[in-house]
Amino acid sequence: MPDFIRIHPADNVAVALHPIPAGTEFAGVTANMDIPQGHKMALCPLNADDLVVKYGFSIGHATAPICAGDWVHTHNMAINLSGEMAYTYTPAVQFLPSAEPGVFQGYRRKEGRAGIRNEIWIIPTVGCVNDVAKALVRENQDLVGGSIDGLYTFPHPFGCSQTGADHAQTRKLLAALTRHPNAGAVLVLSLGCENLTHAQFLEELGSYDPDRVKFLTCQQVPDEMEAGRTLLQQCAAYAGQFHREPIPASELVVGMKCGGSDGLSGITANPTVGRFSDLLVAQGGSTVLTEVPEMFGAEGFLMNRCVDREVFDKAVSMINGFKNYFIRHGEVVYDNPSPGNKQGGITTLEDKSCGCVQKGGSAPIMDVIGYGDAVTTKGLNMLYGPGNDLVSSTALTAAGAHLILFTTGRGTPFGAPAPTLKIATNTPLAEKKQGWIDFNAGVVADGTRTLDEAASDLMALVLEVASGKPTRTEEKGFREISIFKDGVVL
């Protein structure tokens with residue numbers, strides 16, 4: 001097993017691939033102290049204010065003299081970033097050679113879209129009916145069977161006492177979930193007096209199939225459980241018509257997310273997902289990259305890959321707009337990484353971001369879409385959303401992601417409405433949390449698989465999941481949503 005990796009020839013630090021004892025030599029440099037897994041060792045002497053370079057990019061500066069072989073972390077380096085930035089578009093767009101798409105067994109919807117699950121979803125329009133929705137799920141599990149994969153609901157606290165943009169975002173997000181192709185049928189559950197009225201929801205939803213989408217307003221019926229049962233039986237009759245059939249991978253939309261990252265995230269799991277993204281895009285499929293605050297400081301990996309000036313301008317607006325969101329609320333723009341990230345070896349936001357964007361691979365960025373908007377352009381897309389795991393995974397689902405690839409160095413049990421496939425950055429995590437982890441990218445650090453081989457393995461697993469293999473979170477029934485908010489609650 002290798003001890004360290006120097007990611008880019010220009011780097012002046014190397015990353016420990018496993019816990020390294022003092023005295024270990026790498027590239028002619030001897031570790032002066034123990035170096036934890038995922039953490040950095042200086043490859044040359046650095047003076048205070050010298051740049052620390054990783055991934056070929058500056059990830060911060062030294063705050064004190066650093067000797068070759070020293071551990072480099074929060075005690076002797078700091079962030080470089082500040083405020084908004086001006087960006088210049090210097091196109092570096094390289095289209096990938098096309099490849100024959102793989103095939104998965106999915107569900108062909110009547111309007112032509114593909115789904116990878118055939119579930120019945122109950123969408124509450126307001127938090128007041130959450131418990132009714134949960135009771136309907138609990139008491140109607142007999143409807144699950146045949147080609148119907150499950151019955152689920154996604155409670156949330158909103159839909160009332162919101163104003164302006166927050167109210168609009170809730171409405172848009174819930175309508176987007178209602179349209180999701182993994183839902184064979186949907187029951188939209190309302191109370192009757194909330195701000196998010198039935199008329200508003202219908203306007204946001206647009207045209208829909210009344211056989212697929214049913215509505216129940218609890219205040220308008222004597223017994224909401226009885227009325228709900230009747231409507232769910234109708235949903236089951238409709239959804240039961242669909243059966244799995246061969247569908248090309250070119251119709252897949254895959255969201256990409258990281259959470260509980262560590263120092264190996266940008267070396268193993270994230271670049272594995274990036275190479276998977278390139279494989280899927282080459283086959284005509286679509287991938288979605290979000291977590292805008294975790295693009296800060298790594299824009300050099302992304303901006304010049306925008307397919308044209310219009311997409312570049314949308315990317316600049318998205319990134320600087322998110323910085324303004326922080327500033328409007330009097331928050332520090334670069335208050336990141338988290339304590340767990342730091343414990344895992346990530347020192348600055350640049351360090352975290354350069355690892356995070358590895359999930360985007362090398363394909364051109366074809367579009368930049370807003371929160372609650374659907375992917376409409378084939379290829380790699382960027383999506384407006386925060387780094388928060390629950391909020392961004394919900395946004396990826398609403399964008400139409402059939403499934404989400406979720407890389408993690410620390411582990412997390414969370415699951416989105418779309419199947420959420422957990423990818424470990426390191427083998428110890430994969431072995432310890434087998435009930436959470438679906439795929440071990442730690443084999444790259446172990447030296448037993450290359451990044452290309454791991455990406456090929458991941459592609460095979462994705463096609464299996466798209467064909468019905470449950471993820472660990474699905475096996476446990478872990479599914480939830482979180483809606484982005486930015487304002488007052490009345």
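Residues count as buried under 20% relative accessible area, exposed over 50%, and partly exposed in between (1.4 Å probe, protein chains only). The model here is predicted, so to speak of local features takes pLDDT of at least 70 and side-chain atom pairs count only at pLDDT 80 or more, while totals for chains, interfaces and linings use all residues. Residues are numbered from 1 along each chain as its sequence is written, and side-chain values rest on heavy atoms, with hydrogens and water left out.

On to the cysteines: the structure has zero disulfides (a disulfide being a pair of cysteine sulfur atoms within 2.5 Å). For C160, the nearest cysteine sulfur belongs to C128 and sits 6.2 Å away; C160 itself is partly exposed, at 26% relative accessible area. C258 is in no disulfide either, with the sulfur of C356 the nearest one at 3.7 Å. C258 is buried, at 4%.

G259 falls in the loop between β17 (253-258) and α5 (269-282), where helices (H or I, at least four residues) and strands (E, at least two) are DSSP runs numbered from the N terminus. G259 is buried, with a relative accessible area of 4%. Setting aside neighbours within four places in sequence, G259 is in contact (heavy atoms within 4.5 Å) with D389, F406, T407, T408 and G409.

As for α5, this helix packs against α12 (residues 451-466) at about 65°, the axes 8 Å apart; axes are lines fitted to C-alpha atoms over the stretch in contact, and angles run from 0 to 180 degrees between N-to-C directions. Among the residues that meet are F276 and L279 of α5 and L458 and M459 of α12.
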